[in-house]
Amino acid sequence: MLERLESLLAEALEGIEGAATAADVDQATGRFLGKKGAVQEVLRSIGKLAPEERGPVGKKANEVKTAIERAAGLRRDALIAAAEAELGETEWVDTTMPPPPGYSVDRTGGTIHPVTQVVRELEDVCVGMGLDLLDGPWIEDDEHNFGMLNIPPDHPARDMHDTFWLSDGNLLRTHTSPVQIRAMESGPPPIRAVAIGRVFRHEEVDITHENTFHQIEGFYVDREVSVGHMIYVLQTLLENVLGEKVDVRLRPSYFPFVEPGFEMDVRFQGDWMELLGCGLVHPRVLRAGGIDPDVWSGFAFGLGVDRLVMLRHDIEDIRHLMSGDLRFLRQFREGVEG
Ligand code: PHE
């Protein structure tokens, strides 16, 4: 019986080696491992063997089974990889080929999305100011989006964040502030960083509210950081982005993760506009990030990128931005690449 198993193994390996496609591999193994396969038959007949033979034969049969499965898996992976590599050779499109007569072709080309244009500018300005660019996940956990930002489960501030909850208990981040926590988790201060990216809220969508929009988060932790530093950095940033000298003013406001907290207004083309939330990082937030608030302090700010885009281009309805409507997008040719 042991010899029979050895020869079944050799036969199976030969079949697997000779298989030309993944389906062939399955067929080759089926003959041995399938319900009526030769190895299964051996396993089934063990009961009829002399008692002292049962142990060794059972053990051997299982070893053979595992060896066949392993070999089949490797061969299957290799064949699939080879087939996919070949697709690059056989399934390609000649994009320079002229269209058949009568076909109309859209020759207007692509444009860089107006939000992306502003994001790239913001990134340039921030890098120029010596800030690191950070990134964070769109899918966040409760702790990073709320808990560690001093927003406990029963905190009324959670009402302001209509949240898309996922069935596994995670959520789509409602602001970029969780990146503050991730920045602290990834290394000791000083931290001088910004994170720009998408955020999501379960909003009633209208001309000023979208369920998907963009924020830039600034986060600065060092020794003896003050509101003065914050004002300087924000003013410089805004002047660079808006392209002219601007006045700014602070009004007291409340965000659980800063103390004191403010809203900053900016005077742009004569009018005061409410633009962003900011403040000194709350000691509890520093502590949640493993930073000693008696030694370190910091400021943070968060601002809507879409607002900036709408201001710049005089766009009246935020819903245009995520619409994907080409008639809208084609108006933004500046910044088009190559
Ligand atoms: N995360 C806040 C929001 O989305 C903005 C903010 C960031 C306020 C940092 C203060 C400090 O509304």
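Me: How far does a polar side-chain atom of Ser177 lie from a nitrogen atom of the ligand?
Reply: In this predicted model, that distance is 2.9 Å, and a polar contact here is a pair of N or O atoms within 3.5 Å. Residues are numbered from 1 along each chain as its sequence is written. Because this is a predicted model, local features need pLDDT of at least 70, side-chain atom pairs count only at pLDDT 80 or more, totals for chains, interfaces and linings use all residues, and side-chain values use heavy atoms, with hydrogens and water left out.

Me: And what does His175 do with the ligand?
Reply: A polar side-chain atom of His175 lies 2.9 Å from a nitrogen atom of the ligand, while an N or O atom in the side chain of Gln215 is 3.0 Å from a ligand oxygen atom.

Me: OK, how much of the ligand is buried by the protein?
Reply: The protein buries 91% of the 330 Å² that the ligand exposes when taken alone, with accessible areas from the Shrake-Rupley method and a 1.4 Å probe.

Me: How many residues surround it, and what kinds are they?
Reply: There are 14 residues around the ligand, each with a heavy atom within 4 Å of it, and they divide into six nonpolar, six polar and two charged, where Asp, Glu, Lys and Arg count as charged, and Gly is among the polar ones.

Me: Which strand gives the largest share of that shell?
Reply: Strand S9 does, with three residues; strands are DSSP runs of E, at least two residues, numbered from the N terminus.

Methods. A polar contact is a pair of N or O atoms within 3.5 Å; within protein, one must be able to donate a hydrogen and the other to accept it, and residues adjacent in sequence count only if both atoms are side-chain atoms. Helices (H or I, at least four residues) and strands (E, at least two) are DSSP runs, numbered from the N terminus.
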